[in-house]
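Here is a quick tour for anyone opening this structure for the first time. Have a look around before reading on.

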Amino acid sequence: MKDRCAEGLSSMDDAIVVTGTGMVCSLGQSPSEVWDALLAGKTGIHPIRSFDARGFGCRAAAQAHALSPAPSGIQPKLARMMDKHLPMLLLAATNAHSMCGISQSTVPPGQIGFFAGMGMVDYEIEDLILAVLKSSDPTGSLDYDLFFADGYQEIYPLWPLAMLNNVAFCQVAINLDIRGENAVFSPHADSGVRAVAEGVKTLLADKARVVLAGGVSEKASPSSMARGHHFGILNVSAAPGRASLCRPFSAERTGTIPGEGSGVVLMERASSAAARQAVPLAAISGFGSACEREAESFAPTAAAIASAMTAALDRAAVKPSEVGAVIAHGDGTLAGDKNEIEAICRVFSDTVESIGVFSSKGALGHMLAGSPAVDLILAIEMLKRGEIPPTLGAHPLDSNARFRVASDRPLPLGPKRILINSSSCEGQCASLLVEAAP
Amino acid sequence: MSSNDSMRVEGRNARSEQNPRRRVVVTGAGMVTPLGGNCRETFDKAVNGVSGIDYVKSFETAGLPCRIGGEVDDRCLEDFPDSGIQGIEKYSSRGLKLMRAATVEAARQARLEELPDRRRIGVSLGYHAENPSVSEMMLLHRFYDGNGHWDMKSLKERGSYPCFSFFRRKPDVATSLLSVFFDCRGSNLTVVSACAAGAQAIGEAFRMIREGRTDAMIAGGCEAPLNFAGFVGFALIRALSEKYAAPSKASRPFDRKRNGFVMAEGAGALILEELGCARARNAPILGEILGYGASADAYRITDVHPKGEGAVLAIRRALEDASLAPEDIQYINAHGTSTVQNDISETVAIKRVFGERAGKIPVSSNKSMIGHAIAAAGAIESILTLMGIQNGIILPTINHELRDPKCDLDYVPNEARVQRHRIAMSNSFGFGGQNACLCIGEYDGS
């Protein structure tokens with residue numbers, strides 16, 4: 001599976017560095033806040049209160065709170081249409097943008113790139129139900145005469161925009177006056193890594209001076225919960241002590257739990273950061289991706305995950321022994337974790353017993369396209385603090401997991417390089433390599 | 001070359017003469033459109049100015065202010081039985097079925113199966129997946145009391161909800177299934193930037209090959225929005241054409257009486273390949289992707305920038321990426337949606353980039369015949385642009401009858417033009433403000 005051609009995401013004489021970060025998730029809205037919560041063993045996963053989830057097997061989620069539903073400067077009717085996507089992505093992007101200290105005089109809007117993985121958008125039943133009820137004939141079918149005579153007036157006029165994944169992205173571009181190279185990918189975790197990788201490539205090709213890249217999860221809603229149930233990835237265990245838990249790599253794992261959140265990083269060339277006297281927080285040094293899905297589970301195969309990890313290492317010319325930790329996709333699903341365990345063991349081979357592995361999903365849930373950038377920001381914290389935080393719910397570990405996973409105390413981080421894995425539910429997988437800033 | 005050497009090469013200015021970039025050629029193309037089930041049929045009808053727009057038959061439109069669209073004849077899909085992939089049919093959205101048909105044509109032409117290392121072939125797809133059907137919405141509504149309470153237990157017990165609709169609703173399922181159908185195990189990405197998605201998917205794939213990340217990609221877009229949820233919203237915001245003497249007359253880009261776009265379905269697939277790889281196996285080379293540029297308007301969600309700021313930036317970036325000057329462009333395949341706003345701002349953008357020469361460059365919109373197939377539009381139009389270069393024909397903008405003083409370029413009105421041209425560009429501007437532009441050229445044999 002190893003790619004033959006080195007991609008070369010960066011060279012250390014002018015690396016691509018992160019100079020701004022922004023995040024929002026169930027445990028907070030700053031890296032230090034979330035870090036402290038992880039070390040304290042806190043979880044963001046709680047019973048769902050935003051809608052009646054009693055009918056679902058999984059009734060918990062790691063929901064993001066304390067978000068303004070109508071951010072300033074945005075028309076309320078537009079904000080309503082973009083729902084939770086907008087405040088999450090906007091907050092993360094705005095914080096990353098403001099942290100790095102760029103202004104229109106230093107970086108023109110056309111030189112700011114923007115790439116994001118966007119979680120699924122779903123229509124809200126409330127948006128349509130009155131129109132449908134008003135337009136139903138006695139047999140329960142839709143009567144178009146009734147619909148256009150009266151029913152349609154119950155539909156919010158901008159409702160069709162709510163079905164487009166890119167609208168919140170475009171609104172953030174408007175708010176921050178970003179006009180450069182861009183793309184949006186959807187909807188799983190691999191799309192979040194793709195966004196960061198495309199941002200790096202854009203910088204290396206001199207097509208932007210700075211790039212914002214990251215992703216946002218989908219909103220925990222009846223539609224998203226139903227989708228997760230039908231994919232068979234959610235924890236539907238009702239056993240005492242097991243419900244409402246996401247247990248990455250645990251021998252007792254029974255599925256994942258949805259999470260809400262967003263992460264965005266601002267990246268630029270190291271020389272650009274130095275010229276602006278911006279502090280580089282970390283360097284992105286490798287990227288790899290592959291696609292091969294397992295026939296039964298649709299999860300990426302172990303071979304595909306290993307291929308993506310190896311490609312990221314190869315492209316940075318880094319040996320597995322020079323990596324200090326893996327932030328795993330680790331979503332707590334039976335098949336997904338099994339394949340990732342096998343992939344990590346395969347890639348790290350003889351040194352696997354010394355490699356530290358962390359998964360944020362035990363505490364933050366599965367943020368899909370939002371996960372990789374949040375993990376990247378946590379990786380920066382790990383590099384800064386020299387520690388690997390505990391993975392909530394991981395112990396007792398799966399007997400095949402021969403790597404180290406912190407349970408209640410952080411592990412020391414060895415070499416200052418961290419590999420970040422991500423997977424979709426459809427066979428796609430991608431990895432990023434991040435290291436201490438030069 | 002070691003990884004380190006390669007890494008430094010990539011880190012340098014990509015236009016370095018010492019390290020020429022890998023070239024990306026098109027070795028296969030396929031499409032299904034309202035005009036036909038393949039490239040040749042679509043192109044030939046377009047040459048003759050045939051419209052593919054008619055009254056919508058796939059769902060009831062009585063009472064709607066717009067009742068027309070560009071539908072694909074289902075017979076185009078019947079040639080592709082699901083042999084060997086039983087069970088996948090139920091996961092397949094209509095958009096994916098259209099894309100599969102288009103990709104079969106493209107892969108056959110490129111002899112894609114010849115490429116030995118399937119890990120070096122990826123898929124880049126622009127697609128927004130399937131909308132929920134009315135029956136699904138009706139069914140779900142019966143289990144919701146309107147006050148936040150769901151009776152999911154009853155819904156599950158009833159067992160009548162089509163659970164596979166969840167898969168069809170997810171865009172990356174289509175991308176993943178395409179990789180299964182055509183055994184492509186490399187990079188796999190799904191682009192969701194509205195009307196720019198098809199062009200962006202091609203642009204991203206182009207860059208991945210050029211930068212050495214992969215050798216070949218299936219790239220393109222598909223969309224099947226002609227259903228209640230996909231259609232009625234745009235009817236409600238009055239974006240669709242409502243005034244037309246006949247369906248075939250409704251899509252009239254740049255014409256003074258244009259009054260909205262006409263929604264269409266379709267798919268376009270290209271096989272993009274690194275030049276050396278294509279030559280080594282003596283693959284047919286249809287043309288070359290020369291450059292790609294993207295931008296954001298950062299203006300308003302519901303309006304395009306009146307001065308075409310984002311469009312100008314995307315066009316200039318594509319030219320720069322292709323190392324071309326504005327004088328090199330001999331034809332522009334316009335986004336040309338037939339909305340009042342778009343056609344003016346696109347005209348303004350073209351004038352700003354090409355200056356006095358703007359009026360001398362033929363500019364035409366395929367949407368006048370095909371309608372607007374959203375994520376598929378950029379892919380279909382890129383292929384038609386390429387075929388125009390190959391055949392020395394510039395496709396017309398039909399229904400161009402009344403000149404709009406604000407749209408005063410050469411729109412190739414109503415009749416195709418025999419005119420040799422070697423380099424063209426294709427514009428795609430997405431709802432919300434994402435813009436993409438591709439530069440496409442004749443393969444010069446070098």
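Predicted model: local features only at pLDDT ≥ 70, side-chain atom pairs only at ≥ 80, totals over all residues.

Let's start where the chains meet: chain A puts 80 residues into the contact and chain B puts in 73. On the side of chain A that touches chain B, the largest share is five residues, and these come from helix α6 (residues 167-176) of chain A.

Helix α2 (residues 39-47) of chain B and helix α14 (residues 377-391) of chain B have axes that come within 11 Å and cross at roughly 70°. Because of that angle, α2(B) counts as roughly perpendicular to α14(B). Where do they meet? B:C39, B:F43 and B:A46 on α2(B) come up against B:I383, B:L384 and B:M387 on α14(B).

Over in chain A, helix α3 (residues 85-99) runs for 15 residues and spans 21 Å from its first C-alpha to its last, close to the 21 Å expected at 1.5 Å a residue. Is α3(A) mostly covered or mostly open? Mostly covered, with eleven of its 15 residues buried. Among the buried ones are A:H85, A:L86, A:P87 and A:H97. The cover includes β1 (16-25), α2 (76-82), β4 (112-118) and α6 of chain A, along with β6 (210-216) and β7 (261-269) of chain A. Just after α3(A) comes A:G101, with a positive phi of about 75°.

Definitions and conventions
Residues numbered from 1 in each chain as written. Chains lettered and ligands numbered in written order. Contact = placed C-beta atoms within 7 Å. Helix = DSSP H or I, 4+ residues; strand = E, 2+ residues; numbered from the N terminus. Axes fitted to C-alpha atoms, helices over the stretch in contact; angles between N-to-C directions. Parallel < 35°, antiparallel > 145°, perpendicular 65-115°, else oblique. Expected span 1.5 Å × (residues − 1). Buried ≥ 20, exposed ≤ 12 C-beta atoms within 10 Å, placed from the backbone.
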